[in-house]
Amino acid sequence: MTRTGGAATRRRLIDEAVRHFGKRGYDGTSLDQVASAVGVRKQTLLYYFPTKEALLEACMAEVSTRVAEALSQALAAQESHAKKAETVIRAVFGLAEEWPEFPQFIREAGRMSPEVIQRFAQGLEPLRLRAIGFLQNAMGEGQVRRQDPALLLFTLYTAVVGSLTEAGVLRAVVGEDKGRMALRRREQEVLAFVRSALAPAADAGGAAAGP
């Protein structure tokens, strides 16, 4: 197998494993299922990933890398500190629309153990530190309400990730469907929440307005 062909096969195995883990859960997914979906033998999968745990590790690395790349590109294009939080939200929702398996995978990974989700978070740690810095700068400029930036970032994270990963619960409560319009409605609701959470005290009353 050529180096290019090997890299392509490895990538396809990871992509399929992300889909299976997200849909069926870790325990409900077998290596045979992943290999069959890609069209290779189980022995081929084991050549790249000797264990199921090794395959999960590769999936965590792939997801964290793609999320980090999407957020880094979005942040680099946005100069305003006050708008960076909204930029991140739009980037995450955009990635979920382009790659719907990613929030399903995060949901299932979060249900496994703190250690698993911590490995995912490690890949985003540089971005977390940057985000805290953006919030601190925006607070210093009076563009964002003064509060604990780390706690605020955690609140924003749970709002975004919760809206994406618990879509089934949300649909049951408010009757939303699985289409793109439902995803965009959730995006707008999260943006309204974030504007309210970030707005300086004098502007908080009208923070939910906006496109």
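Colleague: What is the relative accessible area of arginine 90, and is arginine 90 buried, partly exposed or exposed?
Modeller: Keep in mind that this is a predicted model. Buried means under 20% and exposed means over 50%, with partly exposed in between. Arginine 90 falls in that middle class because its relative accessible area is 36%, so the label is partly exposed.

Colleague: Which side chain does arginine 90 meet in a salt bridge?
Modeller: Look over at helix 10, residues 180–198. A residue there has its side chain 3.7 Å from that of arginine 90, N to O. The pair ties together parts 97 residues apart in sequence, because arginine 90 sits in helix 5 and its partner in helix 10. That partner is glutamate 187.

Colleague: How far apart are the end C-alpha atoms of helix 8?
Modeller: Helix 8 covers residues 149–165, which makes 17 residues. At 1.5 Å a residue, it should span 24 Å. The model agrees with that, because the end C-alpha atoms are 24 Å apart.

Colleague: And which residue caps the N-terminal end of helix 8?
Modeller: Check the backbone nitrogen of alanine 150. A side-chain oxygen lies 2.9 Å from that nitrogen, and it belongs to aspartate 148.

How values were computed:
Residues are numbered from 1 along each chain as its sequence is written. This is a predicted model: local features need pLDDT of at least 70, side-chain atom pairs count only at pLDDT 80 or more; totals for chains, interfaces and linings use all residues. Side-chain values use heavy atoms; hydrogens and water are left out. Helices (H or I, at least four residues) and strands (E, at least two) are DSSP runs, numbered from the N terminus. The expected span of a helix is 1.5 Å times one less than its number of residues. A polar contact is a pair of N or O atoms within 3.5 Å; within protein, one must be able to donate a hydrogen and the other to accept it, and residues adjacent in sequence count only if both atoms are side-chain atoms. A salt bridge is a side-chain nitrogen of Lys or Arg within 4 Å of a carboxyl oxygen of Asp or Glu. Buried means under 20% relative accessible area, exposed over 50%, partly exposed in between (1.4 Å probe, protein chains only).
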